[in-house]
Amino acid sequence: MNVLRRRTWLGWLQLSHEPSRLLVALAGIAFADVLMFMQLGFQASLFDSNTRLARTLNADVILVSPKAKNSQNLSTFSRRRLYQALDVPGVTQGTGLYSNLLTWKNPQTRQDTVIQLIGFDPDHTPFDLPDLKTKQDLLKLPDVVLFDRRSRGRYGEVISQLEAGQVVTTEAEGRTLSIQGIFSLGASFGADGTLLASDQTFLRILPRRNSGSISLGLLQLAPEADPEEVVAQLRARLPEDVNVLTQGEFMAAEKRYWQTESPIGFIFTMGTAMAFVVGVVIVYQVLSTDVNAHLQEYATFKAMGYRHRYLLGVIFEEAVILALLGFIPGFILPMGLYRVAARATALPIAMTVQRALMVLGLTLLMCLLSGAIATRRLQGADPADMF
């Protein structure tokens, strides 16, 4: 500690000597940090919003078609697979879900929009949604649906009416639908919202769907059953036209699709990488200019006997100072931008400690890498050649 107190903070003195250059450098680092925060924030909301449905499923094991890409684009498989699964020891209950994107009239604007329609047997509880438990019996009535209050779009008046106990009607596929309740799930990148209906209402709205082909099979296991053993038996007994997944595996498959197969996931990853490169270039320009402007001073230090690593320490000191000071506005600005984006898109975008630490680490790495590149001219330079 005493050594630190006696040490001359040469890096800070050089940076503060020219405030305009320091402000430009901090603005550049903050800009790069904002870009990284926004790209990582949207990427996290992409994964979080598109795994919401999987997280709410009340199932230990999930049956899904191997052709299914994501929870909004589910291929179908035979309902017989669900009955076959019930014969496996340890499986106590099974229910099927129907899912399809539906074009309906927004009951507030009367404009056509796309929403995800999910049908299920109202006598079962396939979702772990508190709002749904008290309203699920309403779905036994024909053409009755429940609406997701967190859907993206202009639904404010409709939600107010439903919260007041009123019934709202609209149209879809030539049928009149009666909205008699609301629940909370949330929009995603794949769908603006969700409608829940009974399996019979689902098939009446979409008569071309085969009642014998379901989108998901939800299995519940006995408390004493070994999930790994049951899954292994299911995979051995069921044909290859259905995949057997635990809930965690189902969510991982959903995330993997959006991360590796979806163009938007690649774009967010590439955007983060480009923001990092932009930051490296900006900091390199500042530190390189600083090194070139003080070559004679560095030569003097060398002539006085200071080792090369001391000079490198000065540059790295500047890099760390730039990283820490530039991170402050780069962290504050995205917090406001996240709130604006969340209101505009109805997506779960918020600052997290893990993301803040990640960007801070990337900022330090970005500045240290720039400092390492900027000091190349000092390496092997002879003091006599610098005057």
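**Entry 1**

I looked up Arg81 and found the residue buried, with a relative accessible area of 11%. Buried means under 20% relative accessible area, exposed over 50%, and partly exposed in between (1.4 Å probe, protein chains only). This is a predicted model, where local features need pLDDT of at least 70, side-chain atom pairs count only at pLDDT 80 or more, and totals for chains, interfaces and linings use all residues. Residues are numbered from 1 along each chain as its sequence is written, and side-chain values use heavy atoms, with hydrogens and water left out.

I then checked what Arg81 pairs with and found a salt bridge to Asp241, with the closest N and O atoms 2.9 Å apart. The pair links distant parts of the chain, 160 residues apart: Arg81 sits in helix 5 (residues 80-86), and Asp241 in the loop between helix 9 (227-237) and strand 11 (243-246). Helices (H or I, at least four residues) and strands (E, at least two) are DSSP runs, numbered from the N terminus. I noted Asp241 as partly exposed, because its relative accessible area is 33%.

**Entry 2: other salt bridges**

I searched the whole structure and got 11 salt bridges. The term stands for a side-chain nitrogen of Lys or Arg within 4 Å of a carboxyl oxygen of Asp or Glu.

I looked at Arg175 and Asp143, whose side chains meet in a salt bridge (3.0 Å, N to O). Arg175 is in strand 7 (residues 175-183) and Asp143 in the loop between helix 6 (130-133) and strand 5 (144-148), 32 residues apart. Arg175 counts as partly exposed at 28% relative accessibility, whereas Asp143 counts as buried at 14%.

I also found Asp137 joined to Lys140, their closest N and O atoms being 3.7 Å apart. Asp137 is exposed, with a relative accessible area of 54%, while Lys140 is partly exposed at 48%.

**Entry 3: strand 4**

I asked which strands pair with strand 4. Strand 3 pairs with strand 4 in the antiparallel sense over eight bridges, and strand 8 (residues 194-198) runs parallel to strand 4, joined by five bridges. Pairing here requires that DSSP finds at least two bridges between two strands. I followed Ile118 in strand 4: Ser99 stands opposite Ile118, and Leu196 is its bridge partner in strand 8. Strand 3 and strand 4 form a hairpin with six residues between them, and Arg110 in the turn has a positive phi of about 65°. Seven of the nine residues of strand 4 are buried, so the strand is largely enclosed by the rest of the structure.

**Entry 4: cavities**

I counted four cavities of 30 Å³ or more. On a 1 Å grid over the protein atoms alone, a cavity is a set of points where a 1.4 Å probe fits but cannot get out; lining residues have an atom within 4 Å of a point. Grid points are joined across faces, edges and corners, and a volume is the space filled by probe spheres set on the points.

The largest cavity holds about 100 Å³ of space. Of the 16 residues lining the largest cavity, Gln72, Gln116, Leu185, Gly186 and Ser188 are the closest to its centre. I recorded the second largest cavity at about 70 Å³. Its lining includes Asn58, His124 and Gln220, and strand 3 (91-105) and strand 10 (216-221) each supply at least two residues.

Note on methods:
1 Å grid on protein atoms, 1.4 Å probe; cavity = no way out; pocket = protein on both sides within 12 Å on 5 of 7 lines; lining within 4 Å.
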